[in-house]
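Student: Please show me the structure, and then let us go through it by question and answer.

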Amino acid sequence: YRLSNLIDFICAKGCYYVLTNAAHSEIEKIFEKGHNKFHLQRKSLIAANNEKRGQYAEVIFTNIRISKN
C-alpha cells in the first residue's frame with residue numbers, strides 16, 4: 001500500500017504525520033504501526049440529499065505524542 005509505505009518513509013526521516021480515514025477494520029490493519037490511534041464520530045455535512053447526512057466513524061492515526069490531561 002503506497003500510503004502506508006509513505007508513512008514508513010516519513011517516520012524513518014524523523015518527521016510527524018496525521019492521517020484520517022473512515023473507520024474500517026481493513027484500514028486499521030493497514031495503518032497499525034504502533035502509533036497513536038483515536039476513534040471518533042463525525043457528522044457529514046456534504047451531501048445533496050439531507051437524508052444521507054449523518055454520523056460516520058473516523059479513525060485518526062498519528063505519531064505525534066499526545067498527552068491526556
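Student: Among the elements of the protein chain, which helix has the highest mean pLDDT?
Tutor: This is a predicted model, in which local features need pLDDT of at least 70, side-chain atom pairs count only at pLDDT 80 or more, and totals for chains, interfaces and linings use all residues. Residues are numbered from 1 along each chain as its sequence is written, and side-chain values use heavy atoms, with hydrogens and water left out. The pLDDT is the predictor's confidence in each residue, from 0 to 100, while helices (H or I, at least four residues) and strands (E, at least two) are DSSP runs numbered from the N terminus. The lowest mean, 89, belongs to helix α2 (residues 25-31), and the highest, 94, to helix α1 (residues 2-12).

Student: What pLDDT does the protein chain average?
Tutor: Where pLDDT is low, the predicted coordinates should not be read in detail. In this chain 99% of the residues score at least 70, and the average is 89.

Student: In what order do the three strands form the open sheet?
Tutor: Two strands pair if DSSP finds at least two bridges between them. The pairing is antiparallel, and the order is β1-β3-β2.

Student: Which are the edge strands?
Tutor: An edge strand here pairs on one side only. That holds for β1 and β2.

Student: Which residue in β3 is the bridge partner of R42?
Tutor: Other bridges to β3 include N21 with V59, and N36 opposite T62. For R42, the partner in β3 is Y56.

Student: Is S44 buried or exposed?
Tutor: S44 lies in the loop between β2 (36-43) and β3 (55-62). Leaving out residues up to four places away in sequence, S44 touches R53, G54 and Y56, where contact means heavy atoms within 4.5 Å. Buried means under 20% relative accessible area, exposed over 50%, and partly exposed in between (1.4 Å probe, protein chains only). S44 has 13% relative accessibility, so S44 counts as buried.

Student: Are the rings of F31 and F61 stacked, edge-to-face or tilted?
Tutor: Rings of Phe, Tyr and Trp (its six-membered ring) pair if their centres lie within 6.5 Å; planes under 30 degrees apart count as stacked, over 60 as edge-to-face and the rest as tilted. One aromatic pair is counted by this rule. The centres of the F31 and F61 rings are 5.8 Å apart and the planes are at 50°, so the pair is tilted.

Student: How many residues apart in sequence are the parts that this pair ties together?
Tutor: Both F31 and F61 are buried. F31 lies in helix α2 and F61 in strand β3, so the parts tied together are apart in sequence by 30 residues.
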